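Dear colleague,

Please find below the structure that I am handing over to you. My notes on it follow directly after.

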Amino acid sequence: MFIQRLSIFRFEYYNITDPSWSQWLIGDWTVKLVDGVFLTSMSTRPLLKQLSWLLFGILLATTSTSQAQINPCQQSQQLCMNGAICRQAYLNPGYICECQGEWQGQNCEQRFPGITPSIPKECGSNFYSDSGVIVSTNYPLPPNDNEDCYYLVRIPSAESITFYFDAFHSENHKDGLIIYPGTTVNDQLPDLRTFIGTDQIAPQTVNTNQVVLYWYTDFNVPSGGFSIRYEAGKLKNCSL
Ligand SMILES: [Ca+2]
């Protein structure tokens with residue numbers, strides 16, 4: 001059985017028994033919602049009956065297509081703050097902001113923790129390309145003591161981001177790295193991931209297009225630091 005992705009008018013194959021999909025059976029059609037995109041599957045029933053549901057599918061396609069064409073960056077010039085550039089994005093809410101150094105949040109509206117106009121950010125950087133390498137201060141030499149480094153990764157075309165730990169060493173229980181899936185440093189996030197010590201770390205995939213990495217060290221015993229590659233996971237033929 002094939003699936004017609006009506007929103008972009010092309011065909012792809014999917015396993016319709018996958019229980020992770022939201023799925024409804026309507027007449028002779030199976031309608032699924034995957035990451036905000038409606039998909040419909042066609043059975044081999046008589047043509048007239050198919051056509052009635054085809055009209056329903058076209059209605060869904062029209063809705064999906066019109067949503068995809070909306071560019072929030074053009075709808076409002078004030079979305080991104082503090083000098084950030086707005087980019088249309090695939091995932092909700094449909095845009096990302098390329099923040100300047102000390103800013104975080106969906107609209108770059110707040111500073112990183114501990115950063116004030118009189119206490120500037122001392123380390124960390126921002127990444128907006130589809131892939132890249134994030135390294136600790138001084139790498140491959142040891143990073144400094146008393147560091148609080150923030151790294152933003154924001155990729156408009158991504159539906160997920162995978163991090164590959166090519167090198168990682170932190171003083172156990174004293175220095176470490178935290179991955180916050182989302183737009184801010186937020187210790188209440190249920191899916192934040194903390195890494196300490198010297199164990200080999202498997203690739204980490206987060207199902208978002210925006211991530212904050214926070215690296216911290218205490219006052220002595222230097223860590224080895226890290227070198228982490230990241231790659232965007234994308235929807236096929238994404239035009240962003
Ligand atoms: Ca240390």
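In this predicted model, strands β10 and β12 run parallel and are joined by two bridges. Within this pairing, F127 stands opposite V153 of β12. On its other pairing, β12 meets strand β17, residues 210-216, in the antiparallel sense, and seven bridges connect the two. L152 has V212 in β17 as its bridge partner. Strand β12 is also mostly covered, since six of its seven residues are buried.

These strands belong to an open sheet of five strands, whose order is β10-β12-β17-β14-β15 and whose pairing is mixed. The edges are taken by β10 (126-127) and β15 (193-195); each has a single partner strand, so one side of each is left without a neighbour in the sheet.

A further sheet, also open, consists of four strands in the order β11-β18-β13-β16, with antiparallel pairing. Its edge strands are β11 (131-135) and β16 (204-206), each of which pairs on one side only. On average, neighbouring strands of this sheet are turned by 20° against each other, direction ignored. Strand β13, which covers residues 158-169, pairs with β16 in the antiparallel sense over three bridges. Here F163 has Q204 of β16 as its bridge partner.

The largest nonpolar core has 38 residues, of which I161, V211, V212 and L213 touch the most other members. At least two residues of this core come from each of β7, β12, β13, β14, β17 and β18 (225-234). For I161, if neighbours within four places in sequence are left aside, the contacts are V153, I155, V206, N209, V211, Y230, A232 and G233. V153, one of these contacts, is the residue that stands opposite F127.A hairpin is formed by β6 and β7, with six residues between the two strands. Strands β6 and β7 run antiparallel and are joined by four bridges, and I85 stands opposite E98 in β7. In the turn, G94 has a positive phi of about 90°. The loop between β6 (85-88) and β7 (95-98) also holds P93, and the peptide bond from N92 to P93 is cis, with omega near 5°.

A cis peptide bond also leads from Y139 to P140, with omega near 10°. P140 is placed in the loop between β11 and β12 (148-154).

C108 is not a glycine, yet has a positive phi of about 60°. This residue lies in the loop between β8 (103-104) and β9 (110-111).

H173 is found in the loop between β13 and β14 (176-181). This residue counts as exposed because it has 9 C-beta neighbours inside 10 Å, where the limit for exposed residues is 12 or fewer. H173 and I196 are 23 residues apart in sequence, while their C-alpha atoms are 6.4 Å apart in space.

With kind regards

Methods:
Residues numbered from 1 in each chain as written. Predicted model: local features only at pLDDT ≥ 70, side-chain atom pairs only at ≥ 80, totals over all residues. Pairing = 2+ DSSP bridges. Axes fitted to C-alpha atoms, helices over the stretch in contact; angles between N-to-C directions. Buried ≥ 20, exposed ≤ 12 C-beta atoms within 10 Å, placed from the backbone. Core = buried A, V, L, I, M, F, W, Y, C linked by C-beta atoms within 7 Å. Contact = placed C-beta atoms within 7 Å.
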